Amino acid sequence: MKILLKGLFTIIMLTGCFSAYSQRYISKQDFKREFLEDINHIRQRGCNCGVNYMPPAPPIVWNDNLELAAKGHAKDMADKDYFSHTSKDGRNLEDRVVVAGYYFKGYRSFAIGENIAMGQQSIAEVMQGWIKSEGHCKNLMNPAFKEVGIALYHNYWVQDFGGRQPFTAQEQKMLKSGQYKVIENK
């Protein structure tokens, strides 16, 4: 009986370890695909974020610059042992996405947001946590966000959102002629 229990325990442990291991080492394309499918499925149907119903929102696409910003922040948190939207050196999300090449100059509007998590073992687990958190859920459902980049580094997950709306052809014409002026709000 002891041998049977020990064997069963070993199988359970190996299965659990393999499951966590395989999730961590899926291909980059599968990582992107799975996240985009999960996010866009939720955005397509709408959901409750806390007590607030968030109506369906347009699908988002992957952005490599946002992924680069997310990777940098996840690595920084892991390397420096902290968990915050503000880096230990004082950089915030805007600082990180701009350094990663996600610029806002030349766009009519610019929106960014970030979800972070630590310790989850799979995409499904981290998404479930973000959906259950009102603020994270609102980021997932924000119709202003059109793009996303996500990274996992050790146990740190970072999901950076962005939305840029270009000027229309008419607005570009008016800007060139001097009829329009761009005023930046910071």
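Mentor: Please note that this is a predicted model. Leaving aside neighbours within four places in sequence, glutamate 147 is in contact with Ile60, Val61, Asn63, Leu66, Tyr102, Asp160, Phe161, Gly162 and Arg164.

Trainee: Where is the place of glutamate 147, and is glutamate 147 buried or exposed?

Mentor: Glutamate 147 belongs to strand E5, which covers residues 147-153. Its relative accessible area is 15%; buried means under 20%, so glutamate 147 counts as buried.

Trainee: How many aromatic pairs does a search of the whole structure find?

Mentor: The search finds seven. One of them is edge-to-face: phenylalanine 35 and tryptophan 157, 6.1 Å centre to centre with 70° between the planes. This pair links distant parts of the chain, since phenylalanine 35 is in helix H2 and tryptophan 157 in strand E6, 122 residues apart. Both residues are buried. Ring pairs also link Phe35 and Trp157 with Phe31 and Trp130 into a cluster.

Trainee: What is the arrangement of phenylalanine 145 and phenylalanine 161?

Mentor: Their rings are stacked, at 5.3 Å centre to centre and 15° between the planes. Phenylalanine 145 lies in the loop between helix H6 and E5, and phenylalanine 161 in strand E6. Phenylalanine 145 is buried at 2% relative accessibility, and phenylalanine 161 is buried at 0%.

Technical notes
Residues numbered from 1 in each chain as written. Predicted model: local features only at pLDDT ≥ 70, side-chain atom pairs only at ≥ 80, totals over all residues. Heavy atoms only, no water. Helix = DSSP H or I, 4+ residues; strand = E, 2+ residues; numbered from the N terminus. Buried < 20%, exposed > 50% of the residue type's maximum accessible area, 1.4 Å probe, protein only. Contact = heavy atoms within 4.5 Å. Phe/Tyr/Trp six-rings, centres within 6.5 Å; stacked < 30°, edge-to-face > 60°.
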